[in-house]
Amino acid sequence: YVLQLLADARRRLPPGPWPLPLIGNLHQLDHLPHRSLARLAARHGPLMSLRLGTVRAVVASSPEMAREVLQRHNADIAARSFGDSMRAGGHCENSVVCLPPRLRWRALRRLSTVGLFSPRRLDAMRALLEEKVAELVRRVSGHAARGEAVDVGHAAHVAALGVLSRTMFSVDLDPEAAREVSDIVDEASVLGTGPNVSDFFPAIAPADLQGVRRRMARLVKRMYAIIDEQIERRMHGRTAGEPRKNDLLDVMLEEGESKEDSNEINRDAIRGLFTDLFTGGETTSHTMECAMAELLQCPNSMRRVQEELKSVIGTKQQMDEHDITKLPYLQAVIKETLRLHPPVPLPPYEAEATVEIQGYTIPKGAKVLINLWAINRCANAWTEPDKFMPERFYDSDITFMGRDFQLIPFGAGRRICLGLPLAHRMVHLMLGSLLHRFTWTLPAEAGKNGVDMRERFGLTLSFVVPLYVIAQEIQ
Ligand code: HEM
């Protein structure tokens with residue numbers, strides 16, 4: 001322990017709290033690590049070093065430090081440091097989320113861009129998004145007619161999975177498979193983001209003491225089976241002479257066939273990428289839930305956004321993608337929601353080389369955490385940073401595209417969120433449509449305190465308690 005402290009002192013690591021023997025600084029993290037790390041950073045600085053068990057970690061907690069890591073030193077800090085649970089079923093070897101920034105990762109990112117975000121795909125997606133949002137509105141209408149409260153996050157998750165499944169396979173999953181995907185994603189996010197002793201003491205990870213990897217392996221197996229079924233159907237269809245669908249699955253199959261040595265894009269790569277994309281859908285429902293919770297606590301913003309929707313969309317049957325640019329307040333509500341509640345608050349990186357930042361050393365192999373939650377609330381960048389104030393974006397051209405480091409809910413640099421263009425459209429269309437068609441109130445049993453945002457956030461992306469809200473159709 002003493003030798004370790006001396007070695008650390010010689011290495012000019014960034015400042016940080018004093019580590020205890022064996023556990024290091026683990027005792028200083030509570031069940032919301034991004035918040036405890038933000039509190040520690042307020043005392044020790046925006047570039048902070050600590051030990052999590054036997055793992056050396058460096059945390060960047062200000063826009064300036066995020067720029068240093070994700071822009072200036074992104075060539076050396078772009079690998080992922082991922083949890084042991086991601087090794088389940090060999091998923092990390094085919095996952096765009098986990099792979100180091102080399103050939104296979106580049107191929108997967110390129111193919112997803114071609115298969116999901118080429119101008120032709122985005123055009124085709126316009127009608128699909130509108131169809132899925134119409135389904136969401138119909139489902140909420142049904143709840144409203146029956147006087148039942150709506151689980152906003154779940155309703156949005158179903159819609160997002162519907163969009164993803166059609167984009168990947170050109171078909172809707174049958175209801176049973178769709179429910180299973182949703183359950184798998186929910187369970188995997190609880191397992192993957194919960195504390196796991198294997199992540200802090202890698203030497204004993206093979207023992208999988210908490211059984212997290214074992215449980216995750218079962219989920220990965222079930223998810224791969226659902227994806228395999230779609231691949232098999234496509235192969236049979238092709239043999240039977242069905243025309244190409246030109247969806248993401250076709251793009252990936254063709255890439256695999258076109259290579260003599262197709263070890264880059266094989267069935268495992270398809271399974272890995274599609275699993276990651278399905279998992280990405282949960283961030284959208286989390287954002288919808290947070291936006292609704294904030295608006296319910298802020299009646300002025302709720303009134304203002306609904307007035308804007310009424311004046312722009314009026315009596316039109318449904319909001320469409322072209323309306324988004326005409327709705328600055330809705331855009332501001334979503335920016336403010338993502339600023340306060342980034343669904344991926346602490347993306348983990350690994351330094352592939354030793355890096356110097358402002359005189360401090362980040363050693364090769366260190367885990368580098370970017371505390372997006374703290375960065376988006378930086379007191380030097382925002383007035384009243386903890387307050388929900390969409391108006392702050394009115395006279396500002398700050399975007400969340402990874403250039404303005406005080407607002408990076410999608411990350412920045414080479415590993416910026418792959419699903420950003422899709423997530424942007426989905427969240428605006430879903431939230432805009434639900435706010436335009438319904439008035440929203442908390443059920444009576446929610447009590448006078450309304451939605452307690454602190455209490456509601458757990459370790460997972462989802463709320464600890466689903467947010468149930470009463471919807472009433474606007475006539
Ligand atoms: C509001 C919605 C979303 C938010 C706020 C969000 C945020 C993020 C963040 C912060 C990262 C890590 C970036 C970094 O390491 O610097 C990320 C990565 C990623 N996201 Fe999203 N995301 C959203 C929606 C989606 C959706 C809908 C998908 C899939 C269709 C998706 C797929 C991915 C993938 C595959 C990665 C890994 C990229 C890589 O490591 O190369 N995300 N996202």
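Me: Are α11 and α15 roughly parallel to each other or oblique?
Reply: This is a predicted model, in which local features need pLDDT of at least 70 and side-chain atom pairs count only at pLDDT 80 or more, while totals for chains, interfaces and linings use all residues. Residues are numbered from 1 along each chain as its sequence is written. Helix α11 (residues 267-297) and α15 pack at about 40°, with axes 10 Å apart, where axes are lines fitted to C-alpha atoms over the stretch in contact and angles run from 0 to 180 degrees between N-to-C directions. Since angles under 35 degrees count as roughly parallel, over 145 as roughly antiparallel, 65 to 115 as roughly perpendicular and the rest as oblique, α11 and α15 are therefore oblique.

Me: Is C417 buried or exposed?
Reply: C417, which UniProt lists for "binding site" in an unreviewed entry (an annotation that may be inferred rather than shown by experiment), is found in the loop between α14 (372-375) and α15 (420-437), helices being DSSP runs of H or I with at least four residues, numbered from the N terminus. A residue is buried if 20 or more other C-beta atoms, placed from the backbone, lie within 10 Å of its own, exposed if 12 or fewer, and partly exposed in between. Because C417 has 21 other C-beta atoms within 10 Å, C417 is buried.

Me: Is T325 buried or exposed?
Reply: T325 lies in the loop between α12 (299-313) and α13 (328-340). Because T325 has 9 C-beta neighbours inside 10 Å, T325 counts as exposed.

Note on methods: Helix = DSSP H or I, 4+ residues; strand = E, 2+ residues; numbered from the N terminus.
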